[in-house]
Amino acid sequence: MDLRRSHFSCLPAVPPKKRRDLVRALTLAVMSAAALLALLSTNEARAEFTVCNQTLDVVNLAVGQKVDNADQTDGWWTIGANQCVNVIREELTNRYIYIYATDVFGHATLTGSTEMCIDRRRFSIRGIDECWQRGHIAAQFLEVDTLEQVRWTFFLTGSNP
């Protein structure tokens with residue numbers, strides 16, 4: 001028995017050149033499907049709230065939002081000049097996100113009118129009331145209206161309020 005032919009015994013007789021062309025076409029189709037699947041799965045991992053620093057300075061960023069019906073602040077993300085950082089990786093469920101930024105010396109470079117808590121080092125703080133009494137620092141966060149979108153990018157410029 002010729003083992004080379006046994007693999008294709010259920011297929012009609014196909015000349016070797018057409019068989020090669022068929023194998024190439026099938027290989028190309030499988031590779032294209034794999035590339036498409038990889039592209040689609042990459043989109044699922046993208047960030048949902050991104051901050052892009054369009055200034056010439058490095059900034060440190062803190063973010064506030066509602067988490068499980070409680071206000072929470074988290075920090076710090078360091079964002080280089082003309083770079084972006086993904087700060088919230090899930091689809092946004094809150095219309096309002098709050099951000100606060102400082103320069104490398106700790107001086108506020110982006111502030112707003114919503115008081116929330118921060119710390120000098122990396123932090124995750126539940127609650128925004130009585131910051132000082134709880135051992136934290138009170139800071140004025142800028143309210144960002146995401147218009148109830150599930151993804152949002154905020155561009156930090158030298159002219160932000």
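In what order do the elements of the protein run from the N terminus on? They run α-α-β-β-β-β-β-β-β-β-β-β, which amounts to 2 helices and 10 strands in the protein; helices (H or I, at least four residues) and strands (E, at least two) are DSSP runs, numbered from the N terminus. This is a predicted model, in which local features need pLDDT of at least 70 and side-chain atom pairs count only at pLDDT 80 or more, while totals for chains, interfaces and linings use all residues. Residues are numbered from 1 along each chain as its sequence is written, and side-chain values use heavy atoms, with hydrogens and water left out.

Of the 161 residues of the protein, 32% count as buried, where buried means under 20% relative accessible area, exposed over 50%, and partly exposed in between (1.4 Å probe, protein chains only). Taking contacts between residues at least 6 apart in sequence, 66% join residues at least 24 apart, a contact being heavy atoms within 4.5 Å.

A search of the whole structure finds 2 disulfides, a disulfide being a pair of cysteine sulfur atoms within 2.5 Å. With the bonded cysteines numbered in sequence order, the pairing is 1-2, 3-4.

| Disulfide | Distance between sulfur atoms |
|---|---|
| C52 and C84 | 2.0 Å |
| C117 and C131 | 2.0 Å |

The link of C52 and C84 is right-handed, with 110° about the S-S bond, and it joins distant parts of the chain, since C52 lies in strand β1 (residues 49-53) and C84 in strand β4 (residues 83-88), 32 residues apart. C52 counts as buried at 7% relative accessibility, whereas C84 counts as partly exposed at 47%.

The disulfide of C117 and C131 is left-handed because the torsion about its S-S bond is about -90°. This pair also links distant parts of the chain, with C117 in strand β7 (residues 114-118) and C131 in the loop between β8 (123-126) and β9 (137-145), 14 residues apart. C117 counts as buried at 0% relative accessibility, and C131 is buried with a relative accessible area of 2%.

F105 is found in the loop between β5 (96-102) and β6 (108-110), and at 67% relative accessibility F105 counts as exposed.
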